[in-house]
Amino acid sequence: MEFWRRRRERLRERGPSGLSLLPWLLMGLGALSHLLGGEAPNPWIGGLGLLAFNTLYIAVVLRAFDPRARERPLTRWLLGGLAALTFGLAIGYGREWLLLFPLLGLAVGAVVRRGRTLFRVTFPLVAGAGAVTFWRDGWDSFGVVYGTFVSVMVTAAILALNDTVRQLRETREELARTAVERERLRFSRDLHDLLGHTLSVVVVKSEAARRLAPHDLDAALAQVADIESVGRQALTEIREAVTGYREGSLAAELDRARDALSSAGVEPVVRRSGPLLEPAAETLFGWVMRESVTNAVRHSGASRCVVEISGTDGRARLTVTDDGRGGGPGGKHGPGAAAPVADGPGSGLRGLRERLAAAGGTLEAGPVPGGGFRVVAELPVEPPRRVRTPGTYGPAAADAPAGRNRARRASRVRPPDGPVSRRWRPGRPRRCGRR
C-alpha cells in the first residue's frame with residue numbers, strides 16, 4: 001500500500017502526460033467502420049491515410065508533453081503534416097472522417113498552449129474546419145466545428161494551468177531550500193561570533209585568575225566569578241541565536257568590550273558622537289565591535305584600543321583601532337603580516353562584510369601605517385524627519401511637509417502674536433466668490 005501511495009503522489013506531482021490524450025483516438029473508429037463497410041472510395045488510400053493520421057497524432061501528443069521536444073521545429077512540422085492530412089481526408093471522404101478535426105484540435109492545444117500564437121492558430125483552424133464540414137455535411141456538422149474549438153481551448157487551458165502549478169511547486173521548493181541555506185548561514189555566523197568572543201574572554205580571565213591566585217586570592221576569585229557570569233551570558237545568547245531573536249545592544253557590547261580589553265591588559269578608549277542609531281544598525285555595529293575586540297585581545301598584543309562611533313544625517317561609522325602588530329594571515333592579527341584582513345580567508349570579518357553588504361553598508365579592515373590595525377564599518381541611516389511645529393506661518397511654512405497650499409492658507413490667517421495681516425482686518429467681512 002505504501003508503494004502505491006508514493007506512486008500516486010509522484011504521478012500527481014508530474015501531472016498529466018501524453019498518454020492521457022491517446023484514448024481520444026477512439027473517435028476515429030467511425031472512419032474505420034466507414035472503410036470496413038466498403039462505402040468509402042479508394043479504401044487503400046483511406047486506410048493508409050488513417051494509419052498515417054494515428055501515427056502523427058501519437059508522435060505530436062507525446063512530444064507535446066516534453067518541454068524540450070515541444071519547442072523544437074520538428075514538432076511544428078509534424079503538427080503541420082497532421083493538419084494537412086486531416087483536411088485532405090475530411091475533404092475526400094466527409095461523414096465520419098469529419099471527427100478527425102476535434103482530434104487535430106487536441107493536438108494543437110497540446111503543442112500551442114498559450115500566448116497570441118494560440119489565437120492565431122485556433123481561429124484559422126476553426127474557420128477552415130467549418131468551411132469543410134459545411135461543404136461536406138451542411139448545417140448538421142455544426143457540432144464538429146464547436147467540438148474542434150472547445151478541444152483546442154480546453155486542452156490549452158488545462159495544460160497551461162498544469163505548467164503554472166508545476167512552476168509554482170518548483171519555485172516553492174527553491175524558496176524552501178534558499179530559506180534553509182540562509183538560516184544555516186545566519187546560525188553559523190552567530191555561533192562563530194558568539195563563541196569566538198566568549199571563549200576569548202574566558203581564556204583571558206582564566207589566565208588572569210591563574211596569575212593572581214598565588215598572590216591575591218580575592219582578585220582571583222573575582223575573575224572566576226566573571227568567568228561564571230560570562231558563561232551564563234553566553235548560554236543565553238546562544239539560545240537566542242538558535243531561536244533567531246537575538247538583537248545586540250550597542251551599549252551592552254561597549255560594556256563587554258571594555259571589560260574584555262581591561263582583563264587582557266589593553267586600555268579601552270570609547271568615543272561616541274552623532275545621532276542615535278536604529279536598532280538594526282546598533283545590532284550590526286555590535287557584531288563588528290565584538291569581532292574586532294576579540295581579534296585585538298587574541299592576536300594583536302596591543303596596549304591600547306580605540307572605539308569610535310560617529311554619524312551624520314545619512315551615514316554612520318564605527319572604527320576600531322589598536323596599536324598592535326597589524327593584520328596577519330588567515331584574516332587575524334599576527335606578526336609578520338603584510339596583507340589586510342579583508343583579503344584573508346578568515347570567516348569572522350568575511351561574515352561581517354556579508355551582513356553589512358546586505359544592509360547596504362561596507363566593511364574595511366587592514367593594518368595602519370606606522371603600526372596597528374583598524375576596522376571601519378559604515379552603514380546608511382535614515383535622516384531625521386522634518387516636523388512642522390505649531391504656529392509656523394508665512395514663508396517658514398513652505399518647508400513643512402504640507403506644501404505650498406497650506407502655506408498660502410496660513411498666510412491668510414491672522415498670526416497669534418504679531419501685526420495684523422494685510423489680507424484680513426478685524427471687522428472686515430470676508431468676500432466669497434469672484435468680483
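Helix 11 is largely enclosed by the rest of the structure, because 19 of its 22 residues are buried (buried means under 20% relative accessible area, exposed over 50%, and partly exposed in between, with a 1.4 Å probe and protein chains only). Helices (H or I, at least four residues) and strands (E, at least two) are DSSP runs, numbered from the N terminus. This is a predicted model, in which local features need pLDDT of at least 70 and side-chain atom pairs count only at pLDDT 80 or more, while totals for chains, interfaces and linings use all residues. Residues are numbered from 1 along each chain as its sequence is written, and side-chain values use heavy atoms, with hydrogens and water left out.

Helix 11 covers residues 279–300 and reaches 30 Å from its first C-alpha to its last, close to the 32 Å expected at 1.5 Å a residue (the expected span is 1.5 Å times one less than the number of residues). Just after helix 11 comes G301, with a positive phi of about 65°.

Next, the core. In the largest nonpolar core, which has 34 residues, F285, V288, M289, L318 and L363 touch the most other members (such a core is a set of buried Ala, Val, Leu, Ile, Met, Phe, Trp, Tyr and Cys residues joined through side-chain atoms within 4.5 Å). Helix 11 gives the most to this core, with 8 residues. Setting aside neighbours within four places in sequence, F285 is in contact with L250, L277, A316, R317, L318, A377 and L379 (contact means heavy atoms within 4.5 Å). A second, separate core of 32 residues includes A31, Y57, L100 and L103.

Then there is the sheet, an open one of 5 strands in the order 1-2-3-5-4, with mixed pairing (two strands pair if DSSP finds at least two bridges between them). Strand 1 (267–272) and strand 4 sit at the edges, each pairing on one side only. The twist averages 10° from one strand to the next (axes are lines fitted to C-alpha atoms, for helices over the stretch in contact, and angles run from 0 to 180 degrees between N-to-C directions). Helix 10 packs on the sheet, touching strand 1 and strand 2, and its direction makes about 160° with that of strand 1. Helix 11 packs there too, touching strand 1, strand 2, strand 3, strand 4 and strand 5, with its direction at about 10° to that of strand 3.
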